[in-house]
Amino acid sequence: MSSSLVARHSERSNPARQGFWTRHPALVARDLIGWTVLVDGVGGRIVETEAYHHEDPASHSFSGRTARNAAMFGPVAHAYVYRSYGIHWCLNFVCGEDPGNAVLIRALEPTAGLEAMAARRGLVDPRGLCSGPGKLCQALGVTRAQDGLALDRAPFAISPGAAAGVAVGPRIGITKGVETPWRFGEAGSRFLSRPLPQSAGKRPPSARTPRP
């Protein structure tokens, strides 16, 4: 293989390449389905995501930068971790052409470190280990300590992967922007937080920025 071909292949296979992350979060969210994320060697395949844009009224960044959401305004391919309702940690991947965008990782198919996950979650059934953003953070040991860390360095390890198909539907647990179909899941997966329509698609139905 020529050096130029090697360079192009390396760029395509590098999860931290800027071209992947500097796109609309709905595109990134869809394309992350099937990828693998590990935290200190514990994790699995991403099977469910949600996209949040800085002009999206449901986004934490909609009203501007705060101490809580500062990571969303930092470099792409970094983690944004926040506590939901003062109870659960939630893991997001920062992305987008402009600051303030992120993808919420909603569910994983556990593939590595299942014993550690089971101990942290207090259950054995793989389907319940990471079937929700709070559950997967507990299973992977994600806390505010990972907020702002680069995804291409320890404790994170991410690698591309493919999905059998991607189903699309409305986001969950929000009161604004509820009509925006920016929730994505692997079609037919038994590890989703909630079922999605079983139709598969190659791209999001719309990556247009929602207006308040």
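In which sense do β2 and strand β8 pair, and over how many bridges? The pairing of β2 with β8 (residues 183-186) is antiparallel and extends over 3 bridges, where two strands count as paired if DSSP finds at least two bridges between them. Within this pairing, E50 stands opposite R183 of β8. The model is predicted: local features need pLDDT of at least 70 and side-chain atom pairs count only at pLDDT 80 or more, whereas totals for chains, interfaces and linings use all residues. Residues are numbered from 1 along each chain as its sequence is written, and side-chain values use heavy atoms, with hydrogens and water left out. Helices (H or I, at least four residues) and strands (E, at least two) are DSSP runs, numbered from the N terminus.

Strand β2 (42-52) also pairs with β1 and β5. Antiparallel pairing with β1 comprises 4 bridges, and L38 stands opposite G43 in β2. The hairpin of β1 and β2 has 2 residues between the strands, and D40 takes a positive phi near 55° there. Between β2 and β5, which run antiparallel, there are 9 bridges; R45 has E109 of β5 as its bridge partner. Because 11 of the 11 residues of β2 are buried, this strand is largely enclosed by the rest of the structure. Buried denotes under 20% relative accessible area, exposed over 50%, and partly exposed the range in between (1.4 Å probe, protein chains only).

In the loop between β2 and β3 (79-84) lies S59, which counts as buried because its relative accessibility is 6%. The side chains of S59 and S61 are joined by a polar contact of 2.9 Å. A polar contact is a pair of N or O atoms within 3.5 Å; within protein, one must be able to donate a hydrogen and the other to accept it, and residues adjacent in sequence count only if both atoms are side-chain atoms. Apart from neighbours within four places in sequence, S59 is in contact (heavy atoms within 4.5 Å) with Y52, H53, H54, M72 and G100.

Helix α5 (residues 133-140) is mostly covered, with 6 of its 8 residues buried: P133, G134, L136, C137, A139 and L140. These buried residues pack against β1 (36-39), β2, β4 (88-95), β5 (101-112) and α4 (114-121). Just after α5, G141 takes a positive phi of about 75°.

The structure holds 0 disulfides, a disulfide being a pair of cysteine sulfur atoms within 2.5 Å. For C90, the nearest cysteine sulfur is that of C137, 5.9 Å away. C90 is buried, at 4% relative accessible area, and C95 is buried at 2% relative accessibility.
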